[in-house]
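Hello,

Here is the structure I promised to pass on. Please have a look at it first, and then read my notes below.

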Amino acid sequence: YILLTLSLVWLVGDVVIERTFKERKLAMPVLVIGNGLAGLNALSLLTTAPANEAANCFGVYAAFYALYAWLHKKPMIGYATTSALALAVFFGLRAANQNQWLLPLIALAVVYYAAGYFLRRAGKAQGWEMMLLFSGLGLGTLVALAAPFQTGGLEKAIPIALAATFYAAEAFARKNVWLGFPTNGLYLMAYFVILSELKVDEPQFFSVGAAALGLLMHYLLTRAGNKTTAFLTGVVSQLVLFSTTYIQMIGNKDLTYFFVLFFQALVVLIYGIVARSRSLVIAPISFVVLAVITVLYNALKDLSLVFIIGITGIILLSLGILAVVMRERITTLAERFGDWEA
């Protein structure tokens, strides 16, 4: 409280002197001392002060810096207000022995972001809208990243999903496809939190969600013309999806995973044909062939080696003859395939 009083005395004195004397020679030292005391007090409140004192002081700072920013018409000072208000809410809940602070803080982030969003739509905010937008994005991101480590149930996914929605809204507003990465990352985190709270330990559920968002990002990057990033995103998504299923098929020795892999490959293959992407056609076919070879090997491994080699030779010879007979069609197909994206 002493540091709170001292910092406010210096800063209020600066406002009074500014309104009284137009030419000030000691403006910068006064501001440095006043804000330095406020920063020192904030550090003390975050580390050693009781929760009720921290809530009171941050609440006073939030109100003061809001008025201070408005008088000086400097939106940058508003970040002190939005930060102090969030800390006041956090410590106020702790002082009231309320450990569930995720929803109140994400609600405050929604207020920040919504206010900035509508001010930007109005087009008359003169910098205040960006301060509110970034305050909402920053607070929402911090709450979302902290959510998985807090106690609770399915409600932990709500702050993460809301923070992802902030980034999605910004991606559409700015027409910036790169904001899709934090959007998909946060949505994926919310999905994983839900699975974890539901006690789902089947890797398939995790890999399918990751691959679906990865392919969505591949589509957006392709539309935006970022071919290299789209290619890498598509490849990583397929490896996550198919390798998880293939490893489970081998580890569990269950044919069910072979059919799951076949269905996954079929879905990705259809998307690859529609998107005219070579990597999204070659990879699923390769994994299906690998899965078929693995299943056949497990089924025939008890037979003699000579018999297996003989069957393999007959199959390869048949494929070679078929390739020679259909060489013209294969050439035509390769030419068409060469026009596709990577």
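Let me begin with a helix pair: helix H5 (residues 102–122) and helix H6 (residues 128–146) have axes that come within 7 Å and cross at roughly 155°. H5 is therefore roughly antiparallel to H6, a label for angles over 145 degrees, with under 35 being roughly parallel, 65 to 115 roughly perpendicular and the rest oblique. The axes are lines fitted to C-alpha atoms, for helices over the stretch in contact, and angles run from 0 to 180 degrees between N-to-C directions. The crossing of H5 and H6 is left-handed (the near helix is turned anticlockwise from the far one by less than a right angle; clockwise would be right-handed).

Before going further, a word on the basis: this is a predicted model, in which local features need pLDDT of at least 70 and side-chain atom pairs count only at pLDDT 80 or more, while totals for chains, interfaces and linings use all residues. Residues are numbered from 1 along each chain as its sequence is written, and side-chain values use heavy atoms, with hydrogens and water left out.

Where H5 meets H6, the H5 side includes Leu105, Tyr112 and Arg120, and the H6 side includes Glu129, Leu133 and Val143 (contact means heavy atoms within 4.5 Å). By class, this contact of H5 with H6 has 15 nonpolar, 4 polar and 2 charged residues (Ala, Val, Leu, Ile, Met, Phe, Trp, Tyr, Cys and Pro count as nonpolar, Asp, Glu, Lys and Arg as charged, and the others, Gly among them, as polar).

On to another pair: helix H3 (residues 51–72) packs with helix H4 (residues 78–95) at an angle of about 160°, the axes being 7 Å apart. H3 and H4 are therefore roughly antiparallel to each other, and H3 passes H4 in a left-handed crossing. Among the residues making the contact are Phe58, Tyr61 and Tyr65 of H3 and Leu85, Phe91 and Arg94 of H4. The contact of H3 with H4 has 16 nonpolar, 5 polar and 1 charged residues.

What about aromatic rings? The whole structure holds 15 aromatic pairs (rings of Phe, Tyr and Trp, the last by its six-membered ring, pair if their centres lie within 6.5 Å; planes under 30 degrees apart count as stacked, over 60 as edge-to-face and the rest as tilted). Phenylalanine 58 and phenylalanine 91 are stacked, because their ring centres are 5.9 Å apart and their planes at 15°. Phenylalanine 58 lies in helix H3 and phenylalanine 91 in helix H4, so the pair ties together parts 33 residues apart in sequence. Phenylalanine 58 is buried at 4% relative accessibility, and phenylalanine 91 is buried at 5% (buried means under 20% relative accessible area, exposed over 50%, partly exposed in between, with a 1.4 Å probe and protein chains only). Ring pairs also link Phe58, Phe90, Phe91 and Trp101 into a cluster.

Two single residues next. Asparagine 184, in helix H8 (residues 180–197), is buried at 11% relative accessible area. Leaving aside residues up to four places away in sequence, asparagine 184 touches Leu213, Leu216 and Met217. Alanine 224 is found in helix H9 (residues 203–224) and is partly exposed at 43% relative accessibility.

Finally, the overall picture: the chain has 14 helices and 0 strands (DSSP runs numbered from the N terminus, helices being H or I with at least four residues and strands E with at least two). Buried residues make up 36% of its 342 residues.

Best wishes
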